[in-house]
Amino acid sequence: MGTNAVRFAVVLGTNEVASAIGVHLHREGFCVVLSHDPNPPVMRRKMAFHDALFGDTARVENVIGERIESTMDVFKALGGPQHVLVTWLGLSDLLPVRSIDVLIDARMQTREVTPNLRGMTRLSIGLGPGFSPSANCDVAIETRQDRLGQIVREGWTSAQDDGGALGGVGIERLVHSPHDGRWHTPVEIGTRIYKGFVVGHLSGVPVTAPYDGILRGIVRDGCEVAAGVALAEIDPRGRHAQWTGIDAQGQALAQATLAAIRLHAADRISTSAASTR
């Protein structure tokens with residue numbers, strides 16, 4: 001199969017949402033590259049391909065994440081992608097490889113200025129707050145829990161919410177960094193912990209769990225973090241806790257992304273047919 005026959009998708013982010021989208025696109029036959037961004041740090045790492053960046057095994061629903069080092073690795077993979085590719089390379093490094101069919105910003109960032117994705121690829125999709133098809137992307141997708149997965153073709157996406165409740169527990173299940181610093185933790189995701197348990201140290205200051213439950217996510221040991229970012233998450237649902245695979249949010253956003261791609265393709269066919277009449 002030639003490199004031009006395979007559709008090429010670049011997903012900005014290596015978090016659980018970017019990874020869920022990567023899995024779905026891979027299953028659709030795309031060559032998928034996840035490009036890492038350090039802000040915010042990835043927490044739900046067992047639901048993501050993020051740890052492949054560090055040479056660890058990363059698998060999401062039987063799809064393997066493979067670290068790549070160079071644009072030549074991407075070019076080779078376009079001949080017949082076997083895995084989802086994960087890289088430190090940025091968008092500016094990936095643009096020269098080949099025309100990108102779909103560019104998806106799944107970093108789930110909260111930022112004052114959202115990057116303009118339009119014009120760089122055949123289709124650009126922005127997930128979460130700060131995106132508008134009239135300003136900085138071709139299609140936007142809502143990430144608020146009450147509008148999760150809605151495709152936005154006019155206007156702006158909604159402001160971010162607190163992520164909704166899990167087992168009846170809201171944002172208080174998250175552990176946030178009280179200040180800037182270097183994060184260290186020996187605790188593995190999936191560990192049962194209890195309220196007050198020290199889950200790690202931020203520049204030597206102990207950080208404790210706010211709830212009993214299963215450690216659903218925790219930022220990788222050794223990361224530099226800013227004040228106010230989520231360092232860890234407790235799943236209070238007991239035997240119903242989930243810390244691997246694709247969760248309901250990831251599933252909804254990945255399916256919405258595929259729907260947006262299909263909608264765009266249908267629009268192009270319709271426009272082409274109209275122009276030949």
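The second largest pocket of this predicted model has a volume of about 290 Å³. Its lining comprises 17 residues, and those nearest the centre of this pocket are Arg-45, Lys-46, Asp-51, Asp-56 and Glu-188. By class, the lining of the second largest pocket consists of eight charged, five nonpolar and four polar residues.

A total of 38 residues line the largest pocket, with Glu-16, Met-43, Arg-44, Met-108 and Leu-174 lying nearest its centre. Two or more lining residues of this pocket come from each of α1, β10 and α4. The lining of the largest pocket divides into 15 polar, 13 nonpolar and ten charged residues.

The largest nonpolar core contains 34 residues. Within this core, the residues with the most contacts are Val-11, Ile-21, Leu-25, Phe-49, Ile-104, Ile-125 and Leu-127. Strands that give two or more residues to the core are β1 (8-12), β2 (31-35), β5 (84-87), β6 (102-105), β7 (124-127) and β8 (139-141). The helices α1 (16-27) and α4 (248-275) also give two or more residues each. Apart from this core lies another, of 22 residues, which includes Leu-12, Cys-31, Leu-91 and Leu-117. In soluble globular proteins, nonpolar side chains tend to be buried together.

With neighbours within four places in sequence left aside, Phe-49 is in contact with Thr-14, Ser-19, Val-23 and Leu-34, among others. Further contacts of Phe-49 include Ala-58, Arg-59, Val-60, Val-63, Ile-64 and Gly-65. Val-84 and Val-86 are also in contact with Phe-49.

Ser-124 is located in strand β7. Its relative accessibility is 0%, so Ser-124 counts as buried. Leaving aside neighbours within four places in sequence, the contacts of Ser-124 are Leu-103, Leu-117, Arg-118, Cys-137, Asp-138 and Val-139. Of these, Leu-117 is among the residues of the 22-residue core.

Strand β17 (residues 230-235) is largely enclosed by the rest of the structure, because five of its six residues are buried. Strand β10 (residues 174-176) pairs with β17 in the antiparallel sense over three bridges. In this pairing, Glu-233 of β17 is the bridge partner of Leu-174, a residue also listed among those nearest the centre of the largest pocket. Strand β15 (residues 213-218) is likewise antiparallel to β17, with which it pairs over four bridges. Here the bridge partner of Ile-214 is Asp-235 in β17.

Two partly exposed residues were also considered. His-201 lies in strand β13 (residues 198-202) and has a relative accessible area of 34%. With neighbours within four places in sequence left aside, His-201 is in contact with Arg-182, Trp-183, His-184 and Pro-206. The C-alpha atoms of His-201 and Thr-185 are 6.4 Å apart in space, while these residues are 16 residues apart in sequence.

Ala-252 belongs to helix α4, and its relative accessibility is 24%. Not counting residues up to four places away in sequence, Ala-252 touches Leu-148 and Gly-149. Between Ala-252 and Arg-192, which are 60 residues apart along the chain, the C-alpha separation is 28 Å.

Notes:
Residues numbered from 1 in each chain as written. Predicted model: local features only at pLDDT ≥ 70, side-chain atom pairs only at ≥ 80, totals over all residues. Heavy atoms only, no water. Core = buried A, V, L, I, M, F, W, Y, C linked by side-chain atoms within 4.5 Å. Buried < 20%, exposed > 50% of the residue type's maximum accessible area, 1.4 Å probe, protein only. Contact = heavy atoms within 4.5 Å. Pairing = 2+ DSSP bridges. 1 Å grid on protein atoms, 1.4 Å probe; cavity = no way out; pocket = protein on both sides within 12 Å on 5 of 7 lines; lining within 4 Å. Nonpolar A, V, L, I, M, F, W, Y, C, P; charged D, E, K, R; others polar. Points joined across faces, edges and corners; volume = space filled by probe spheres on them.
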